[in-house]
Amino acid sequence: MKILGILASPRKKGNSDILLNEALRAARDSGADTEKLVIYDMDFKGCISCGGCAKTGVCVLKDDMTPLYSKLNSADAVIIAAPIYFAGAPAQLKAMIDRCQSEWVAKYVLKKRKAQNEKRKANGAFICVSGHKEDTLYKFTRKTIEVFFKTMNIDFTEELFFGGAGRAGDIKSIKGALEKAYKSGKDLSGAK
Ligand SMILES: Cc1cc2nc3c(=O)[nH]c(=O)nc-3n(C[C@H](O)[C@H](O)[C@H](O)COP(=O)(O)O)c2cc1C
């Protein structure tokens, strides 16, 4: 089993990073192979709506996003760990998701990967943190993730939201947060 962890915060050793590391550690403890991608270290921009994917379902831009498509399509599980930025997904995560417009075209317009997608059994987790405690902003952001997972034929099976974690490392003071992240990595790798 291959689990892909996507860190969507530019803040290394911040709250998303800490939680993602816990989830991936649990996955490895359960025997899964893990790969962590720090998308803020990758060089790509968002969809430029050029229509280049309209006939092929393949994005014409060539950059660090290019190898990410096959990783997203072949992983048995995908974990996205991200903070809330201005009530939504951080820019690089939104750029990654928007670049999957070519996958949306392939699936829904060209029906190109239909057979392959139907066979896919992948699980997805969204781990999210924010400064404010209320979960209103999380609800907006999770919708984007839900649509993204659906496009990629990934079942949205795990979600964790922790508000009240503004400073790097605050998550360590939120009771049970690290344990919940560990459990979600374990559940995701099938070791329920
Ligand atoms: C650009 C930016 C925008 C932010 N917007 C929000 C927001 O709208 N609501 C909120 O509760 N926290 C907001 N925050 C706070 C972060 O969600 C919070 O600091 C979080 O812990 C960052 O996670 P990280 O440690 O994984 O980077 C924002 C932080 C930054 C840097």
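Okay, let's start with Ser130, which sits in the loop between strand S4 (122-129) and H6. Keep in mind that this is a predicted model. Ser130 comes out buried, because its relative accessible area is 6% and the cut-off for buried is under 20%. A polar atom of its side chain lies 2.7 Å from the backbone oxygen of His132. Beyond its neighbours within four places in sequence, Ser130 is in contact with residues including Ile84, Phe161, Phe162 and Gly166.

Now, helix H3, residues 91-99. Which of its residues are buried? They're Gln92, Leu93, Ala95, Met96, Ile97 and Arg99. Among the elements covering them are strand S1 (2-7), strand S3 (77-83) and helix H6 (136-151).

Arg99 pairs with Asp63 at 2.9 Å, N to O. This one links distant parts of the chain, with Arg99 in helix H3 and Asp63 in the loop between S2 and H2, 36 residues apart. Arg99 is buried at 2% relative accessible area, while Asp63 is partly exposed at 21%.

Then there's Lys36 with Asp17, where the closest N and O atoms are 2.6 Å apart. Those two sit in strand S2 and helix H1, 19 residues apart. Lys36 is partly exposed at 33%, but Asp17 is buried at 5%.

Last one: Arg142, Lys143, Glu146 and Glu159 are linked in a salt-bridge network.

Definitions and conventions:
Residues numbered from 1 in each chain as written. Predicted model: local features only at pLDDT ≥ 70, side-chain atom pairs only at ≥ 80, totals over all residues. Heavy atoms only, no water. Buried < 20%, exposed > 50% of the residue type's maximum accessible area, 1.4 Å probe, protein only. Helix = DSSP H or I, 4+ residues; strand = E, 2+ residues; numbered from the N terminus. Contact = heavy atoms within 4.5 Å. Polar contact = N/O pair within 3.5 Å; in protein donor to acceptor, adjacent residues only side chain to side chain. Salt bridge = Lys/Arg side-chain N within 4 Å of Asp/Glu carboxyl O.
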